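Student: I'm new to this one and would like a close look at a single part. Could you walk me through the pockets?

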Amino acid sequence: MPRPLTTTSGVAVGSTAVLVLAVAQGWLGPDVGRGANFCERAHHGAIAQPANTLSNLGFVVAGLLIALHAQRRTTAQPGVEHVMSTTVATFYACVVVLLGPGSAAMHATQSESGGHLDMLSMYLVAGFAAAWAWVRWTRRGTASFVVAYVVCVAACELVGLWPDPVPVVHYSGNLAFGVLLVVAVVLETALWRRGETSRVFRHGVVALASMLVAFTIWLLSNAGWCDPDSLVQGHAAWHLLCAVSAYWLYRLYASERTTR
């Protein structure tokens, strides 16, 4: 099996290269204003929203750091029984990496297809968090995780078809994303209280705190607390803080060990 960093680096380079080509060749379709509500004024040129686009590099960096940690953990602690296998850790690292090009596709082009890729990347990471928590809570195996993961992502896609706006988060897909994260937090807390495994719980606190701060900035930015012509964008901060949250969520997973 390829080493985590090798696999994740391949996904990072490949997905970023495809995104660059797609933007340059117009494969994602015309600008329809998708994502224009995130404050930053669209520029003429290859990248419509520079700050909101380039800030997605944070996800690529976070995914590579996850892969690096997973690789070092395997070589440094070969006899330790971790709950999260190297294979699952590598998969999560790749999912986090894909958040970057997925979100950048929308902010760079403001196209409808870019918007779909943005939401899909969000579903992939939220689906992972919920499915991984559920499969450990129910003491099930890899096959159940795969099924749960597919169901979570498919459910988000279905909910995202609802055309009417929803309170606070505006779009039904955002609501589905948030619900999965709440499910993950509840189950992770229940797992910690059950006490069958040990973990560095402060990693989870950092992940949750980063996400809550990010969501607060997201709300303020959407409420108009922003300068459309500035390169300092609240939505860009949302991207960077979400990348921090994704990394520390992994560190929570990586610290979990069986106690009995």
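This is a predicted model: local features need pLDDT of at least 70, side-chain atom pairs count only at pLDDT 80 or more; totals for chains, interfaces and linings use all residues.

Tutor: In total, 19 residues line the second largest pocket, and Val83, Val135, Arg136, Arg139 and Arg140 are the ones nearest its centre. Sort that lining by class and you get eight charged, six nonpolar and five polar residues. The space in the second largest pocket comes to about 370 Å³.

Now for the largest pocket, where about 1100 Å³ of space lies. Helix 5 (112–137) turns up here too, supplying at least two residues of the lining, as do helix 4 (86–109), helix 7 (172–194), helix 8 (201–222) and helix 9 (234–254). This time helix 7 gives the most, with eleven residues. The lining of the largest pocket has 47 residues, and those nearest its centre are Phe177, Gly178, Leu181, Met211 and Trp238. By class, 32 of the lining residues are nonpolar, twelve are polar and three are charged.

So how do you find space like this at all? You roll a probe the size of a water molecule over the atoms, and that shows where empty space is left.

Conventions: Residues are numbered from 1 along each chain as its sequence is written. Side-chain values use heavy atoms; hydrogens and water are left out. On a 1 Å grid over the protein atoms alone, a cavity is a set of points where a 1.4 Å probe fits but cannot get out, and a pocket is an open set with protein on both sides within 12 Å along at least five of seven lines; lining residues have an atom within 4 Å of a point. Grid points are joined across faces, edges and corners, and a volume is the space filled by probe spheres set on the points. Helices (H or I, at least four residues) and strands (E, at least two) are DSSP runs, numbered from the N terminus. Ala, Val, Leu, Ile, Met, Phe, Trp, Tyr, Cys and Pro count as nonpolar, Asp, Glu, Lys and Arg as charged, and the others, Gly among them, as polar.
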